[in-house]
Amino acid sequence: MTGRLIAVVGPSGVGKDTVMEAMAQAEPRVGLVRRVITRPTTAGGEVFDGVTVPVFQGMERQGAFALSWAAHGLHYGIPEDVDVALGAGRDMLANLSRGVLIKARARFPGLRVIALTADPETLAHRLGARGRETDADIAKRLSRAGTGLPAGIEATVIDNSGALEATVRAALAALYPVRA
Ligand SMILES: Nc1ncnc2c1ncn2[C@@H]1O[C@H](COP(=O)(O)OP(=O)(O)O)[C@@H](O)[C@H]1O
Ligand SMILES: O=P(O)(O)OC[C@H]1O[C@H](OP(=O)(O)OP(=O)(O)O)[C@H](O)[C@@H]1O
């Protein structure tokens, strides 16, 4: 059976990468999509391929991406070879922009969406503690936090203000319901 692309979305600092990583550790049916980002690889956080803007644009022209978008002054791409893992039956988790979900649904018809939320104080605290962005960048990221999901996109909404384990359990239960 073909695997599903599972988009994990939500405001910066909500815990997307942390939750995705923990889900993949807990559930062997789940793989992680490695994104291409125009960010130095020394920035830390998720495992991604860091490239320059000209390299990214060249890849885009050559059709290297199933999806690509820009946010936070960076370019992001989902490599088109995600189809190989999906074809092998793997469910693949990808950290996507909320703004790219309509395109994602067209490209990946079985798309599932997990939308993470957290209260504003928690977001601010987590972004500060992560230490990857400057204060100015954090302020900009927080200003996007209220962005909703595009109309017509169905999602499993999970509050990640509490324990990581609870979020992971809820997300996996939504993806892999246990049949009675
Ligand atoms: N449920 C949680 N409880 C406590 N800290 C969390 C939780 N989820 C994520 N974090 C922390 O919040 C910060 C931001 O998480 P991250 O995964 O980088 O978010 P995002 O990818 O959505 O920007 C990280 O320092 C991470 O360890
Ligand atoms: O349009 P939005 O839904 O607001 O999302 C904007 C961007 O934020 C996230 O990126 P990234 O993982 O680099 O940032 P984060 O780790 O701070 O969330 C997400 O993957 C998008 O690329």
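I count a residue as buried if 20 or more other C-beta atoms lie within 10 Å of its own, as exposed if 12 or fewer do, and as partly exposed in between, with C-beta atoms placed from the backbone. Five of the five residues of β1 (residues 5-9) are buried, so the strand is largely enclosed by the rest of the structure.

I note that this is a predicted model, in which local features need pLDDT of at least 70 and side-chain atom pairs count only at pLDDT 80 or more, while totals for chains, interfaces and linings use all residues. Residues are numbered from 1 along each chain as its sequence is written, and chains are lettered from A and ligands numbered from 1 in the order in which they are written.

**Partners of β1**

I took helices (H or I, at least four residues) and strands (E, at least two) as DSSP runs, numbered from the N terminus. Two strands pair if DSSP finds at least two bridges between them. β1 pairs with β7 (residues 91-95) in the parallel sense over four bridges, and A7 has A94 as its bridge partner there. Four bridges also join β1 to β8 (residues 112-117), again parallel, with I6 opposite R112.

I then checked the UniProt annotation "binding site" (unreviewed entry), which covers G10, P11, S12, G13, V14, G15, K16 and D17. Such annotations may be inferred rather than shown by experiment.

S12 lies in the loop between β1 and α1 and is buried, with 21 other C-beta atoms within 10 Å. Leaving aside neighbours within four places in sequence, S12 is in contact (C-beta atoms, placed from the backbone, within 7 Å) with L127, R141 and R144.

V14 is found in the loop between β1 and α1 and counts as buried, with 25 C-beta neighbours inside 10 Å. Beyond four places in sequence, its contacts are L116, T117, A118, L123 and N160.

**Ligand shells**

I listed residues whose C-beta atom, placed from the backbone, lies within 6 Å of the ligand. Ligand 1 is surrounded by 16 residues, the closest being G15, K16, D17, T18 and R126. Helices α1 (16-26), α5 (120-130) and α7 (164-175) are the elements that give two or more residues to this shell.

Around ligand 2 there are 16 residues, of which S12, A71, N95, S97 and R98 come nearest.

Terms used
Two residues are in contact if their C-beta atoms, placed from the backbone, lie within 7 Å.
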